[in-house]
Structure formats: C-alpha cells, structure tokens
Amino acid sequence: MENHVLFSLSESIVSKDFCIASYYVSLPPGSDPYEKAKNIAVGQTIGTWIPVPGITDDMRRNYMGRIINIYDLEPDDLNRSISDQSEFQHYIFQIAYPTANFEDSIPLLLTTLLGNDASTSIQAKLIDLYLPPQMLSRFPGPAYGVDGIRALCKVEKRPILLNMIKPCTGFTPDVGARIFYDTALGGIDLIKDDELLGNPSYCPLAERIRAYNQASRAAFEKTGKETIYIPNITDHVSRLLDHAKTAQEAGARIVMVNFAAVGFSALQMLREQTELPIMGHYAGAGPYYEGPLSGVASNLILGKLPRLLGTDIVMINTPYGGYPIKRSRYLRTVQELTLSLSDIRPALPSCGGGVNPGMVETLIDDLGHDIILAPGGAIQGHPLGSRAGVRAMFAAIEAALNKVSLEEAARTCPELKAIEHLWRKEA
C-alpha cells in the first residue's frame, strides 16, 4: 500500500472531514508500532487484519483511516538492544478517520474508535478526540448552557448550590416532599432526585413532581427564594421521551438522565425532542475509563461527549471526596465542558462526591464561579437539620468569595460551626 494513502501529516488532514483519535498503546518489546497502527487504521474502516477482495483504490482514498503520528513515549532516536528495554514500549498513536463513515452517529463513531480490539489484536485507550467543524455542527450541544441555567435559578455570579433527596429510595412522594420542604427553607437553588430513584410504583414520577413543586411553593412563601426540583427520568429508552413529557406536564423545569446507563444516542434523542434543560449523571461510567490500557479517558466520557449531545449540567467527580480520580483528569473534564468549542454552548459542571464546606474554597479556586456545588450528606446529615446544612454551605461559599477563612466565618454562623469536624483541616 502506498504511503500517501495510509499516512498523512497533521497539517494536511485537519482541514478535511476527518476526526483524529489519539490512543495510548503499550506493546511488547520488538513489536512494530507501525504495523499495529496500520491494523487499526485499516481494520476500523475498510478492511480486516488480512487482505480481502473487493477493496478498491477509491475506497482507500476516501474511506480508509490514516496514520497521523506515532509518538514514542521514550523519545530516543537510537536503537537499543531489547535487553536494555523495559517489558513494554509505550506510544501515542494518532489515527484519522473519515467522518463519512459515521457522520453524526455516536454509536458508529464509538464503534469505529474502539469497537474492533479483537480484530486489530491490540489494547488501546482513547485519550483525545478532535472533531472537525463540519462534524461539530451536526451535534445540538446544550440548549440552555451556563447562562440559561443561571437565569433559570436567578443566580448571577456565585456558584449554584444543589442537594439531592436522601434517603435515595424507599419513600413515598409525601415523605420526599417533607424532606424537600425542610431543605428548601434554607434557600437552596436546586434539589434533585438521587440517581437511584426512577419511576417506582411507590413513588411515581408525576405524583412526585407535583408534591415537590407544592413543597417548593410553600417554602417560597416563607423565604422568597424559589427552589427548582430536578426529577430523574432515567429508564428504558422506549420510555424516556414519555417520562420527559410527563415531567414537563407535571411542572418540571429541568430533568436528569443517567447518560452512562441509557447511552449517548438516547441522550441526543432526548435533547432533540424535549424543551427542558437536561442534567446528565455519570453513574456507572467507571468501566468506560478506569482501565489504564483500554476504554476512553474520563474527560471525553464525562465532558466532551455529554456536552456535544445536549447536557446543560453534567455531574462530575472530584479528587477531594475519596474517589481516586486524577486531578489533571478532573480539570480537563471541566475544560471539555466549559472552554470554547465552535458554536457549542458551555455546560455547567456539577461537583459531587463528599462535597462539604471544607471543599468549597478549593473547588472555586480550581474551577471558578461557573460551577454547581452538590453536597449530599453535608446537608441532609447536618446535626441541626437540612436547612442548617444549606446555610452552612452558603456561609462557606460567601467566605470563599470574600477570602475569609472558615474559622472566621463560623464565629457568626452556628450552622457552619456545628459541622466543624467536616471541614477543619488539621495542622
């Protein structure tokens, strides 16, 4: 096969209709990385690991993958004996795929990028993905984005505060509404379902929405602050749109869906067929990205893809709550959600996982003000009640914005003082 068909330089490909996938690859000593990259480029597009009849030059020119770069992560230019080398050699492969093969189909894109490991006889982890402008324009992106969610919550500059109903499941709508009401009295912006609660017979979606909205109105009469409820509509894909319609008719103003469970194409369908803002949850996404040698980097699964397909808010994890996510990946995920990307609106990252007043300053320093803080137990488990938990979080936010220590803020905030054991940093 001629080199000009199989290989391309980056400069000659970025202006064309190709996406560029970057993979981390580990190979045994003596392996030929060019042969492995060729297996991916050809095997994931027009061919298989052996030549087959019927492949034409026109197919190769227009529909075959191209090798863009192979980076040796031990960047020496001289040969060494195998005995001097480590057990495996590590590379970054960059492969370009013609977008004509998958157009705007995320299932086919993912199949192309990752779906043929057995045929190509290689383990590869997708760590970056460049999409050309023509392809980006085919995806809807967030309908509301950061500005739209801020307007809905009537919060201009500070981080938005969200809580989730606890316990997660096992209660009726009236029980949940009482929890909602007590929490809303603290003046919180958003309250959502736990991701484990869907549409069970003991707590039906429509009945729950009506009960929680009634609780929100009752709290508003006392506080003057409107708390918006986010119901979870995650379910079998055949019921997803019906749940969205039911939620809207019952008075929901935002809905939540677990994109890791329903799939990215179901998320895109929901975005294209509902008027409501969408909060995306990641529950169960770990198997996509936790493997060091296979899968997809977390910043793509939790950042770029859900943003492209229409989430206005995306739950993410942080390295501060016990989950061993790398700080660099968490930061990159937020960048994928918020940095300029063609005409796609930015999405709001919602930081969860053990969030408490002691994390607030760090999260704001890391990410800025355009975030949602999503404490669970720090509010619902507050010893003075959930409304006190909300007030403690708001005190921590105000302290961080004004560069005041939590110790100083706690002198005038008994709710913050009462959970000092959660946030005090030992010397």
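Which residues do ring pairs link into a cluster? I started my notebook with that one, and the cluster consists of Phe180, Tyr212 and Tyr229. A reminder to myself: this is a predicted model.

**Entry: aromatic pairs**

I found 8 aromatic pairs in the structure. I looked up phenylalanine 7 and tyrosine 34, a tilted pair with 5.9 Å from centre to centre and 50° between the planes. Phenylalanine 7 sits in the loop between α1 (3–6) and α2 (10–13) and tyrosine 34 in helix α3 (residues 33–43), so this pair ties together parts 27 residues apart in sequence. I noted phenylalanine 7 as partly exposed, at 27% relative accessibility. Tyrosine 34 is partly exposed as well, with a relative accessible area of 44%.

Next I turned to phenylalanine 259 and phenylalanine 264, a stacked pair at 5.7 Å centre to centre with 25° between the planes.

**Entry: α10 and α11**

I then followed α11 to its neighbour α10 (residues 205–223): their axes come within 9 Å and cross at roughly 30°. Because the angle is under 35 degrees, α10 counts as roughly parallel to α11. On the α10 side I listed Leu205, Ala206, Ile209, Arg210 and Asn213, and on the α11 side His243, Thr246, Ala247 and Ala250. These contact residues divide into 5 nonpolar, 3 polar and 1 charged. The crossing is right-handed.

Methods. Residues numbered from 1 in each chain as written. Predicted model: local features only at pLDDT ≥ 70, side-chain atom pairs only at ≥ 80, totals over all residues. Heavy atoms only, no water. Axes fitted to C-alpha atoms, helices over the stretch in contact; angles between N-to-C directions. Helix = DSSP H or I, 4+ residues; strand = E, 2+ residues; numbered from the N terminus. Parallel < 35°, antiparallel > 145°, perpendicular 65-115°, else oblique. Left-handed = near helix turned anticlockwise from the far one by under 90°. Contact = heavy atoms within 4.5 Å. Nonpolar A, V, L, I, M, F, W, Y, C, P; charged D, E, K, R; others polar. Phe/Tyr/Trp six-rings, centres within 6.5 Å; stacked < 30°, edge-to-face > 60°. Buried < 20%, exposed > 50% of the residue type's maximum accessible area, 1.4 Å probe, protein only.
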